[in-house]
Amino acid sequence: MHTVTNTKTLPEFRLQVTFTDGFSAVVDLKQHILKSDWPIVLPLKKAAFFRRVRVANGSIVWPNGYDVCPDVLRFWCEVGHATSQAETDAHFSATEQKKVA
């Protein structure tokens, strides 16, 4: 399991994220946020609210409780952007299959 140690907001709904192993990357969350109709994500569409992200319990979280699993966030950081649910699920399914093999 990955653990986030630091995050910094950047323009256009992007974050610079650093993990305990030293890996650091910029992840673009713009499409994930702007296309979402989840009620908990709606406040993040306002840049001022988006900038209120914090690190808590090893991941990122906003004041309304919206968070991102640190393993999912790491995957998104590695590809540079949030992926669809299907892409994220496929990635973790493949990862699990490699562990079993």
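This is a predicted model: local features need pLDDT of at least 70, side-chain atom pairs count only at pLDDT 80 or more; totals for chains, interfaces and linings use all residues.
Residues are numbered from 1 along each chain as its sequence is written, and side-chain values use heavy atoms, leaving out hydrogens and water.

Take the sheet with strand order 1-2-3 to begin with: it is open, has three strands and pairs them antiparallel. (Helices, H or I of at least four residues, and strands, E of at least two, are DSSP runs numbered from the N terminus; two strands pair if DSSP finds at least two bridges between them.) Strand 1 (4-10) and strand 3 (24-28) sit at the edges with a single partner strand each, so one side of each has no neighbour in the sheet. On average, neighbouring strands here are turned by 25 degrees against each other, direction ignored; axes are lines fitted to C-alpha atoms, for helices over the stretch in contact, and angles run from 0 to 180 degrees between N-to-C directions. Six bridges link strand 1 to strand 2 (residues 14-19) in the antiparallel sense, and T7 has V17 in strand 2 as its bridge partner. Helix 3 packs on this sheet and touches strand 1, strand 2 and strand 3, where contact means heavy atoms within 4.5 Å. The direction of helix 3 makes about 115 degrees with that of strand 2.

Helix 3 (residues 70-79) has seven of its 10 residues buried, so it is largely enclosed by the rest of the structure. Buried means under 20% relative accessible area, exposed over 50% and partly exposed in between, using a 1.4 Å probe and protein chains only. The buried residues are P70, V72, L73, R74, F75, W76 and C77. Just after the helix, G80 takes a positive phi of about 95 degrees.

Another open sheet has three strands in the order 4-5-6, again with antiparallel pairing. Its edges are strand 4 (54-56) and strand 6 (67-68), each pairing on one side only. Three bridges join strand 4 to strand 5 (residues 59-61), and R54 has V61 in strand 5 as its bridge partner.

As for the cysteines, the structure holds zero disulfides, a disulfide being a pair of cysteine sulfur atoms within 2.5 Å. The sulfur of C69 has its closest cysteine sulfur in C77, 12 Å away and too far for a bond. C69 is partly exposed, with a relative accessible area of 39%, whereas C77 is buried at 4%.
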